[in-house]
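Subject: Structure handover

Hello,

Here is the structure I said I would pass on. Please look through it first; my notes on what was found follow below.

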Amino acid sequence: MISRVRQVLTLLVVLLVPPPLRCLLLNALGHRVAGAAHVGWTLILVDRLYLSRGSRIGSFNLISCRRLSMRKGAYIQTWNVIRGPFSVLLSEDAAIGKRNTITRSRVLGGSGGAIFTLGKLSKLTLGHSID
């Protein structure tokens with residue numbers, strides 16, 4: 001229940017609060033967002049959000065997962081869908097380009113600690129679908 005409330009509050013902060021206050025309020029909700037991280041106008045429903053200095057999330061994404069962790073210089077561009085019961089880890093300078101879909105079923109094998117990881121300097125480019 002508390003996790004769901006935090007997800008909704010995170011979504012509202014990302015959508016409605018101006019950037020100078022956004023990091024402060026996200027940190028108050030229990031996330032760890034560096035002041036130099038950028039979050040565009042996007043739908044984010046996560047239990048935990050970790051954004052290091054220089055990490056960026058572009059606009060018009062749907063991110064609904066357990067945990068999103070982005071190291072220094074990592075970025076997610078625009079029009080991506082990341083959805084399912086898994087965590088996402090983007091290592092230093094890793095990237096998810098435009099119009100990608102990364103999903104995991106909640107029904108078939110949806111339990112456990114699955115993690116989608118992109119290593120240092122790796123990139124998922126344009127229009128990929130990963131299930």
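A residue is called buried when its relative accessible area is under 20%, exposed when it is over 50%, and partly exposed in between, with a 1.4 Å probe and protein chains only. This is a predicted model, in which local features need pLDDT of at least 70 and side-chain atom pairs count only at pLDDT 80 or more, while totals for chains, interfaces and linings use all residues. Residues are numbered from 1 along each chain as its sequence is written, and side-chain values use heavy atoms, with hydrogens and water left out.

Cys 65 is buried, at 4% relative accessible area. Cys 23 also counts as buried, with a relative accessibility of 12%. Cys 23 is in none, and the nearest cysteine sulfur to its own, that of Cys 65, is 18 Å away.

Overall form

The chain has 2 helices and 13 strands. These are DSSP runs numbered from the N terminus: helices are H or I with at least four residues, strands are E with at least two. For 131 residues, a compact globule would have a radius of gyration near 14 Å, and the chain agrees with that at 14 Å. The radius is taken over C-alpha atoms, and the globule rule is 2.2 Å times the number of residues to the power 0.38. Along the principal axes, the C-alpha atoms fill a box of roughly 35 × 35 × 20 Å. Of the 131 residues, 42% are buried.

Core

A nonpolar core is a set of buried Ala, Val, Leu, Ile, Met, Phe, Trp, Tyr and Cys residues joined through side-chain atoms within 4.5 Å. The largest one here has 29 residues, and Ile 63, Leu 68, Leu 90 and Ile 96 have the most contacts inside it. Helix 1 (2-16), helix 2 (19-28), strand 3 (43-51), strand 5 (62-70), strand 8 (87-90) and strand 11 (115-118) each give two or more residues to this core. Contact means heavy atoms within 4.5 Å. Leaving aside residues up to four places away in sequence, Leu 68 touches Val 46, Arg 48, Leu 49, Tyr 50, Ile 57, Ile 63, Ile 76 and Val 88.

Ser 87 is in strand 8 and counts as buried at 17% relative accessibility. Beyond four places in sequence, the residues that Ser 87 touches are Arg 66, Arg 67, Ala 114, Ile 115 and Phe 116. Ile 115 lies in strand 11 and, at 56% relative accessibility, counts as exposed.

Aromatic rings

Rings of Phe, Tyr and Trp (its six-membered ring) pair if their centres lie within 6.5 Å; planes under 30 degrees apart count as stacked, over 60 as edge-to-face and the rest as tilted. The count is 2 aromatic pairs. Phe 60 and Trp 79 form a stacked pair, 4.9 Å centre to centre with 15° between the planes. Phe 60 is in the loop between strand 4 (56-57) and strand 5, and Trp 79 is in the loop between strand 6 (75-76) and strand 7 (81-83), 19 residues apart. Phe 60 is partly exposed at 43% relative accessible area, whereas Trp 79 counts as exposed at 54%. Ring pairs join Trp 41, Phe 60 and Trp 79 into a cluster.

Regards

Technical notes
Disulfide = S-S within 2.5 Å.
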